[in-house]
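Morning, everyone. Please bring up the model on your screens, and I will walk you through it.

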Amino acid sequence: MAERYAIDVTGFLDLAARTAQRMDTLTEAVFGVLSVVREIQDAVAPAPDLARAFARAVDSWVERATAMAEHGGAVLAAAERAVAEYVRADAAMAIDTERAAQTRGHGRWRVS
């Protein structure tokens, strides 16, 4: 049953590092596009009809792209916290198991 919950911590940390690098790349790309969008918004501002059309074309994309980058980072952070908690709990369980192995008896009835 113990193997059912086993994880490859080293493999996860490697995957998390690679994913974090890709998330950084994604975030940089999203911010780059947002910068261009702002430049275009400024350029078309003097033409209200064109500015409204451009806004209709890109506003929902801008919201989704920003949310995607934020959500990806949040998912990665949550996974890293979960693995850290797993490792902490595993270490605590190992200590408790070692202590239990050093005693005899069950429950309140221990024999030295």
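I will take the overall layout, then the helices, then the salt bridges.

First, the ground rules. This is a predicted model, with local features needing pLDDT of at least 70, side-chain atom pairs counting only at pLDDT 80 or more, and totals for chains, interfaces and linings using all residues. Residues are numbered from 1 along each chain as its sequence is written, and side-chain values use heavy atoms, with hydrogens and water left out.

Now the layout. The protein chain has two helices and two strands. Along the sequence the pattern reads α-α-β-β. Helices here are DSSP runs of H or I with at least four residues, strands are runs of E with at least two, and both are numbered from the N terminus.

How much of the chain is buried? Of its 112 residues, 13% count as buried. Buried means under 20% relative accessible area, exposed means over 50%, and partly exposed is in between, with a 1.4 Å probe and protein chains only. The chain exposes about 8900 Å², and carbon and sulfur atoms supply 61% of that. Those areas come from the Shrake-Rupley method with a 1.4 Å probe; for residues, only the protein chains shown count as cover.

Contacts next. A contact means heavy atoms within 4.5 Å. Take the contacts between residues at least 6 apart in sequence: 66% of them join residues at least 24 apart.

On to helix α1. It has 36 residues and reaches 51 Å from its first C-alpha to its last. That is close to the 52 Å expected at 1.5 Å a residue. The expected span is 1.5 Å times one less than the number of residues. Which residues of α1 are buried? They are F12, A16, M23, V30, L34, V37 and V44.

Stay with V44, in helix α1. V44 counts as buried because its relative accessibility is 12%. What does V44 touch, leaving aside its neighbours within four places in sequence? It is in contact with L50, A51 and F54. V44 and F54 are 10 residues apart in sequence, and their C-alpha atoms are 8.1 Å apart in space.

Now the charged pairs. Side chains of opposite charge can pair when their charged atoms come close. I call it a salt bridge when a side-chain nitrogen of Lys or Arg is within 4 Å of a carboxyl oxygen of Asp or Glu. How many salt bridges does that rule give? The count is three.

Start in α1. D14 and R18 form a salt bridge, 2.4 Å from N to O. Why can these two meet? They are four residues apart in helix α1, residues 9-44, so about one helical turn separates them. The background is simple. An α-helix has 3.6 residues a turn, so residues three or four places apart point the same way. D14 is partly exposed at 42% relative accessible area, and R18 is partly exposed at 35%.

Next, helix α2, residues 48-101. D49 and R52 lie three residues apart there, about one turn of the helix. Their closest N and O atoms are 2.3 Å apart, in a salt bridge. Are the partners exposed or partly exposed? D49 is exposed at 58%, while R52 is partly exposed at 46%.

Last, E85 and R88. This salt bridge has its closest N and O atoms 2.6 Å apart. E85 and R88 are three residues apart in α2, so they are separated by about one helical turn. E85 is partly exposed at 40%, and R88 is partly exposed at 48%.

That is the tour. Questions, please.
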